Amino acid sequence: MDKIAVVILNWNGVKLLEQFLPSIVQFSEGAQIYVADNASTDDSIDFIRQNFPTIKIIINNGNHGFAKGYNDALQHINAEIYALVNSDIEVTENWLNPIIETFDNEKQTAIIQPKILDFKNKEYFEYAGAAGGFIDKFGFPFCRGRIFDTIEKDNGQYNDNCKLFWASGACFFIRSEVYNELKGFDESFFAHQEEIDLCWRAANEGHVIKYNSASTVYHVGGATLQQGNPKKTYLNFRNSLLMLVKNLPRKRMFFVIFFRMILDGIAGIRFLTQGKFKHSFAILHAHFSFYCISLRYLRQRKDFQIQQYYTVKSIVYLYYIKKLLVFKEIFNSNQNIKN
């Protein structure tokens, strides 16, 4: 068994592999590197074989997205720790050692995220993960360093190691035994928020999710599905509702989901006023899809769910109404903190 396997999921991303594999190979001494390919039709496989013969290749039988793509590939990998790395990630020297040390020293810690900065603007945090994730009562995710569209400059304000509610799938470390215990990502999510769902399920089982600022990576973001793509809107809204059905405490479930759907409707109206009609339709599509499969997800609920899953009651209210735009503004105000 390898100590750590670095696994990069790829689909028709030869240009990204050309750009970002060199840093991973250079700075991942002691790790076995894999590319899990979702049945690419470009030159990805030939490029890896010709230029990086030490990298192992796993070819999936179709483009199954992030969730099933990793689930299928990891069945063929025998390692103590999985490092799941997007193909548009640049790693830095010594990025693995702080993560491995934390796993070795903290047996309850099951999942870790490094500091994720913006590849295009390296002084700033990156949208998808920043310095670690949390959710509010209604399932809206936010990060230290990024709340909705406000992204902070990295001034060392999050140079710590702290507990999180969720770690970003852009660069996601997890003990293999925990991944297998949880049966991996929920494959019907396809992509988006599957890592939050996995972290929530891990927390329900008593595992700890952490952030480690001593490890830094740079993420392009949106290289496979851009932020303004209606498909991303559809997946985010649908998957968020499915995640709530699976993981909310039973006594709160119906109220929270009902109120969340009202907030989704407001978001749809906002898209309409902005002329983003495809995004409004994507939210409607997400809700109809949710109605069709929600009963199946009710059956997936476990007997136990943690009661204190959220950090603030409404990040939407704090951000849009109270105009608290960055993480520390919110948490310096004691009345906003849910203990």
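Phe 190 sits in the loop between α5 and α6, where helices (H or I, at least four residues) and strands (E, at least two) are DSSP runs numbered from the N terminus. Phe 190 is not a glycine, yet its phi is positive, about 65°. At 28% relative accessibility, Phe 190 counts as partly exposed; buried means under 20% relative accessible area, exposed over 50%, and partly exposed in between, with a 1.4 Å probe and protein chains only.

Before I go on, this is a predicted model: local features need pLDDT of at least 70, side-chain atom pairs count only at pLDDT 80 or more, and totals for chains, interfaces and linings use all residues. Residues are numbered from 1 along each chain as its sequence is written, and side-chain values use heavy atoms, with hydrogens and water left out.

Ala 39 also has a positive phi, about 60°, although it is not a glycine. Ala 39 lies in the loop between β2 (32-37) and α2 (44-51), and is partly exposed at 29% relative accessibility. For background, most residues other than glycine have a negative phi.

Next, the helix pair. Helix α6 (residues 194-204) packs with helix α7 (residues 230-247) at an angle of about 10°, the axes being 10 Å apart. Axes here are lines fitted to C-alpha atoms, for helices over the stretch in contact, and angles run from 0 to 180 degrees between N-to-C directions. That makes α6 roughly parallel to α7; the cut-offs are under 35 degrees for roughly parallel, over 145 for roughly antiparallel, 65 to 115 for roughly perpendicular, and oblique for the rest.

Which residues meet? From α6 they are Ile 196, Asp 197, Trp 200, Arg 201 and Asn 204, and from α7 Met 243, Leu 244, Lys 246 and Asn 247, with contact meaning heavy atoms within 4.5 Å. By class, this contact has four nonpolar, two polar and three charged residues. Ala, Val, Leu, Ile, Met, Phe, Trp, Tyr, Cys and Pro count as nonpolar, Asp, Glu, Lys and Arg as charged, and the others, Gly among them, as polar.

On to charge pairs. The structure holds 13 salt bridges, each a side-chain nitrogen of Lys or Arg within 4 Å of a carboxyl oxygen of Asp or Glu. Asp 186, Asp 197, Arg 201 and Lys 246 are linked in a network of them. Within it, the side chains of Asp 186 and Lys 246 meet at 2.8 Å, N to O. Asp 186 is buried at 9%, and Lys 246 is buried at 7%.

Glu 80 and Lys 3 form another salt bridge, 3.2 Å from N to O. Glu 80 lies in strand β4 (residues 79-85) and Lys 3 in strand β1 (residues 2-10), so the pair ties together parts 77 residues apart in sequence. Glu 80 is partly exposed, at 29%, and Lys 3 is partly exposed, at 30%.

In helix α8 (residues 250-273), Arg 260 and Asp 264 are four residues apart, about one helical turn. Their closest N and O atoms are 2.9 Å apart in a salt bridge. Arg 260 is buried at 3% relative accessibility, and Asp 264 is buried at 0%.

Cys 143 is buried, at 0% relative accessibility. For Cys 171, the nearest is that of Cys 199, at 13 Å; Cys 171 is buried, with a relative accessible area of 0%.

Methods. A disulfide is a pair of cysteine sulfur atoms within 2.5 Å.
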